[in-house]
Each structure stands twice: as C-alpha cells, then as structure tokens.
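Here's a quick walk through one model, with an eye on its domains, its nonpolar packing and its aromatic rings. Have a look at the structure before reading on.

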There are 2 protein chains.
Amino acid sequence: MNPRVRIVGTGLIGTSLGIALSRAGYAVVLTDPSPTATALARDLGAGAVASADDPAPDVVVVAAPPDVAGQVVAQELGRWPSAVVTDVASVKVAVLDQVRSLGGDLTRYVGSHPMAGRERSGAVAARGDLFDGRAWVVVPSDESSPFAVETVRALAAAAGGTVSVMSPPDHDAAVAAVSHVPQLASSLVAGRLRELSDPAVALAGQGIRDVTRIAASDPQLWTQILAGNAGAVRAVLAEVHSELGEVIAALDTLTDGDGVGAREVLARVVSRGNAGHARIPGKHGAAPTAYATVVVLVPDEPGELARLLHDVGDAGVNLEDLHLEHGLGQPFGLAEVSVLPAVAERLADELTSRGWRLHG
Amino acid sequence: MNPRVRIVGTGLIGTSLGIALSRAGYAVVLTDPSPTATALARDLGAGAVASADDPAPDVVVVAAPPDVAGQVVAQELGRWPSAVVTDVASVKVAVLDQVRSLGGDLTRYVGSHPMAGRERSGAVAARGDLFDGRAWVVVPSDESSPFAVETVRALAAAAGGTVSVMSPPDHDAAVAAVSHVPQLASSLVAGRLRELSDPAVALAGQGIRDVTRIAASDPQLWTQILAGNAGAVRAVLAEVHSELGEVIAALDTLTDGDGVGAREVLARVVSRGNAGHARIPGKHGAAPTAYATVVVLVPDEPGELARLLHDVGDAGVNLEDLHLEHGLGQPFGLAEVSVLPAVAERLADELTSRGWRLHG
C-alpha cells in the first residue's frame, strides 16, 4: 500500500508534489498557514485538506520557505513520532543543523532538493509534471535510517524526479558552484547596466543576454537561499573574488605599469573558463558532445521559424538544440540549429536547396 | 561612383566585408600578410588581390587583430595620403592612441566596430551577410573630418550594418559593461567547475548553462580585447569586485557574526540585478516588452519541435522568442514560447486542444 503523505506548505513545490503523488495513488493531505492556499491546492487536485481526524502520516514533506524549513521539520518530527520527514529547501546543511539544534529525531529526517521551480511561484503555477525528469537530490545525514532514506527515494521517484544521493555538505558545495554563485555573478553583471546610457545599453548582444537572464530572479527568495548556504557560497565566491583581484591588478599594469605578465593572467582566466565550461554535461546528462551548428537566417514573420523546423524534420535530421538570436534593429533572427556533426553538411545542403539563407 | 576599397586583413571580418561590398558594387582589393589567406578571400568573392598597379583606394579598411590595428592604420594613412582609413577592432581608444602616437593623419581616420563574428574565425567562415542588421558603431575622434565620418558611415550601411555613432571613450565604456565584463564573469564562474566532482557538475541546470555559454570563447582573442580595453574594463570590474567584497563580508557575518544587515546586502545585489536586467532592450532594439511565456513539454523525438512551432503558426500567433531547456536525464525538453501577453491565453488553449502538455 502506498504511504500516507502529509504536505506542509502549498506553494508551487508543495502543490505540484501533491498533484503528482495523488496521481501516483498516494493518499495526500495538505496544510498551509494560509487556509486559502490550502483550499486552492485541494481544488487543483493536490490532495485533501488536513484535519484533526486524519490517521498519522507515513511521510511528511515540509515545503516551507528555506528560512523556516528546519523549524517546521522539527515540529513535524515531534508531532508524528513514527513518520519519516523530508523537506524541499534548496540548501541542506542549515536545515539539518536547525533540526539537530531543536532536538528533532534525525534517524527519521532525510533532506530533499527537487531541482524544479525556477522564477515562478505559488500554487496557481503548480503542475503535476513539475518534477518529471528533473534532478531530485536525496540528502541523508549520517544519522538517517536506511528505511527513511529508502522512503524518501521512493517518494521522489514516484513524483517523477531523477534521483541522486549526496551528503549535506557535498550538496551545498555543489549548488553553491552550479547555482548560487552563477546567480550572484549574473546579478552583479546586470547591476552594472543600471546607470549606463541608452545608446550604450543598446549595444547589448546575445552574450550579456545569456549571462544576465537569471538576474531577473526574485530577491526575497534568493536572499533566503544565499543566507542559508552562506558558508559554501562564501568559499566559491572567495575564489572568484581573488581571481577577479588578479585580473584587476593585471589590467592596472597594462594601463599604469610595465604590463609584464598581464596577458598571461587574462589568458589563464579565459582558458580556465573553457575547461570549466567543457565539464557541463550535455543533453540527458550525457557527456558533452561537440554538436555541429548550422546557422540560418529566419525572417521575422509568423510561421517562418516553424517552416524552418518543419524543413529540418523533413530532412530526417534530429535537432539536438536550438538557440535563437535577435540582433539590433534587424528584420529577422538567427537560428542556431545544433545537430550531430555527421549530418550537419547534409542539413546545410537540404536547407540551402529549400531556399534558406545560411549564415557563417 | 562607388569608392575603391582596400581591405587589409582577410580573416572572418575582412573577407565577409569584401564579399558584402563587392556585391554592393564596390571595387574591392584585398591584402593579408598570408598570400594563401588573400587568395582564399578572392576565391570566396571578396575582391581582387591587391597589386602594385592598383589605383589609390578611397577607403582602407584595416581588419587586422586588435593589438596591431593601430599600427596598420598608421601605415595605411601614410601610404595613401588621400584615403579615409577605418579599422574594425572591438576596442577604440587604444587604436586611436596608437595612430596618434605614430603620427597618423587623424582627420582621415574614423574607427569602426561591426558587432559581428563571435566565436568563429577565419575566411572559411566568411559570409556576405555577416553584418546584415547587426550593430555597426562608427567611432570618430574629435579630429575626424565630416567627410571621413560620412564615408565610413556609408560603407557600414552598404555592408548591411545598422549604424550608430559614439565617441571612442563612450564606445569603450559601453562594450566594457555589455561585453567584456560579462565575458570575464562567465569565464570566472565556469572556472569554478574545473575541480568539481562529477555528481556535483551533474546538478548544473539551465541557469549556469546560460551564464557560462560564452565561457567557451577563444582565450587568445579575448586576451587582446581585454588588454586593449584595460582602463574601461578595470573601471567596471572594480565595481563588481567591490560589491562582491560586500557580499562576502555579509556572508561572513551570517556564519561567524551577528548577521546584522547581511540580508539587506544580498537583497540589494539581486534587486540591482533586476533593475539592470530590465534595461536590456527587447527584440529589434525596442523598449523591453514583458512577453508572456507559454512553457510546453516537447518529447525528444525528430520533428516534435517543428510540429509545436507549426501549431503555434497555425494558431495565428507570432513567436517573439523561443528558449529551449534540457534538464537532467529527461526524455523531452521544455520549450519556452514567448508571445505578446494579449494572445498568451488563447495560445495556451489552442496548444492544449492540440494535445500539447503545458508546464508551470
């Protein structure tokens, strides 16, 4: 029999999880500090509203904001003496420390980090397929019982997540490097645009658009995330700060000094960036593949992009990736079509023969 | 009659410009330190190989690497006493200073920065439409004659560029903020991934993929660009470095201090990033529009993306932008379809009725 699940907090993650688990046959009850939010989640199919008559849950999922997650986990551990409790906060050491300091039974607590959600928030944005194929990191402590770990793994898998297991410090160090520090770098670069002149901002090309896309993220949520992972974020940021200092010193010797060694510093920073970038896994978590890119001019008219992709499909070529670029004041865009290298030349020929203009 | 153009340097930019101007009816001659490169550019339709018998050019375009551009401009100004000379380096103050220090006639020199090219290089990648609709900044000095400025403007327009005019310091400050500092930030963030464990790197999501896309850029070229714009890059980097220092201090007070004021610092950095990001112009250089986004699950099978865009076109809705996201280990991608807010709901309904699964 599927376990009884209690979800505490019916925002985007809690509600989506309720929908996913209800569909998977779990008996889900919901609670939230806001009765309106709980009722909305119920209406969206996330489960029943929790009541005093409910049987004790087998698993409790705490989907509260990161800064209160530990406190709510400890409360739920105390309230349900035989339940396994997990949370979904994107930082894990701080939550574990809080649960420990509040005397929660750590054998029954296993952290979770479903990597889904992004900028949107609230139950209205909830979807039962939010976790489908997304990474879901299960984060046991040394004290977690094997049964508790297995229970949380099974729940994550039932919700559609692609499960991996990491220790709390390893998890926090990983997300500091792959998520929290990139967020700060994006925000800091975007912040420089505030006081730029209009003609200067108008020179923004695709590079800065990509670098600053996540700079649109919510300050309140990110303050909680960064504060909750302060130690690990600080460690990575200190490396960035130090290397940035070396770059500034190198630029100084170019403008006011003899310039000796400056170019080596600049080349090293960009080369290290090459090496780090090459480590990011490709599509489907596979090793990165050097896709070939065919760049096509797409007129800015309804249906033109669709016609292009129809022609790509007609050519029997599978699109591995697609990147659209809009330039300044132009009546068309550039579509970068990524395909396996072996078929790139044939695709280019096919598209040219169908009247598409390819671009260097 | 169209002017006679002499192009010095037949890499990607020089060769592409030769093709574009030849098509526009200009009489183009080509020269490069490498006779093989010159011959290749000629064979690609970029113009004739320059010879001692050529009549004097009206315009010389120096398409040499940034670190030698000033020197070559000065040589060409001396060799052709009535020609207007421009260059295409992506930094402008350093080139002007070099031309001045070498005694070049500054009335006939006007800098250019065609914003095209990106990672690819060499004549083999050249296309006559490389500049179509791309920003081309014309960068006169105080000494440039109006005739020289007009000549370079006309050439940029004939090549297909969207022309704007800026002073050398304004240009260099603008590209430092919108191009050179984003490149360094991307490289520094990517550099942190070098020594991360495989499971940690596997957590990389779309955010860091976007932030580090340009970290794959060429170290040699970027060393020249950064060194050539050292002063302006340093000014923007110093702001980033200082704000990063504040973030680190704030994180320290959270781990080892009383935490007072720390959250305000973090929230301010992310909020400023919001404000800067909002200034980036939308498509066509127009004011940013808050597009509505419809997120669609696209199975990873040939032709599925094309079918989606076909359905979008069928619905009579114009796609404003498209962003594809690949997650970890999933058999499909998410397509973020950006459209005008007024049509988003109708599009969502249409797509749902055609069997598409919408997301979040």
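What follows goes from the domain layout to the cores and then to the aromatic pairs. Keep in mind that this is a predicted model.

**Domains.** Chain A is split by the domain assignment into domain 1 (4–166), domain 2 (175–277) and domain 3 (292–353). Between domain 1 of chain A and domain 3 of chain A, the C-alpha centres are 42 Å apart.

**Nonpolar cores.** Nonpolar side chains tend to be buried together in soluble globular proteins. Here, the largest nonpolar core takes in 85 residues. Which residues have the most contacts inside that core? They are L203(A), V233(A) and L237(A), along with L203(B), V233(B) and L237(B). Leaving aside residues up to four places away in sequence, L237(A) touches V181(A) and L184(A), plus L244(B), V247(B), I248(B) and L251(B) from chain B. There's also a second, separate core of 46 residues, with L308(A), A315(A), V312(B) and A315(B) among its members.

**Aromatic pairs.** Counting over all chains, there are 2 aromatic pairs. Here they are, one per row.

| Pair | Centre to centre | Angle between planes | Type |
|---|---|---|---|
| F131(A) and W136(A) | 5.3 Å | 55° | tilted |
| F131(B) and W136(B) | 5.3 Å | 55° | tilted |

In chain B, F131(B) and W136(B) are both buried.

Notes
Residues are numbered from 1 along each chain as its sequence is written. Chains are lettered from A and ligands numbered from 1 in the order in which they are written. This is a predicted model: local features need pLDDT of at least 70, side-chain atom pairs count only at pLDDT 80 or more; totals for chains, interfaces and linings use all residues. Side-chain values use heavy atoms; hydrogens and water are left out. Rings of Phe, Tyr and Trp (its six-membered ring) pair if their centres lie within 6.5 Å; planes under 30 degrees apart count as stacked, over 60 as edge-to-face and the rest as tilted. Buried means under 20% relative accessible area, exposed over 50%, partly exposed in between (1.4 Å probe, protein chains only). Domain bounds come from an automatic or database domain assignment. A nonpolar core is a set of buried Ala, Val, Leu, Ile, Met, Phe, Trp, Tyr and Cys residues joined through side-chain atoms within 4.5 Å. Contact means heavy atoms within 4.5 Å.
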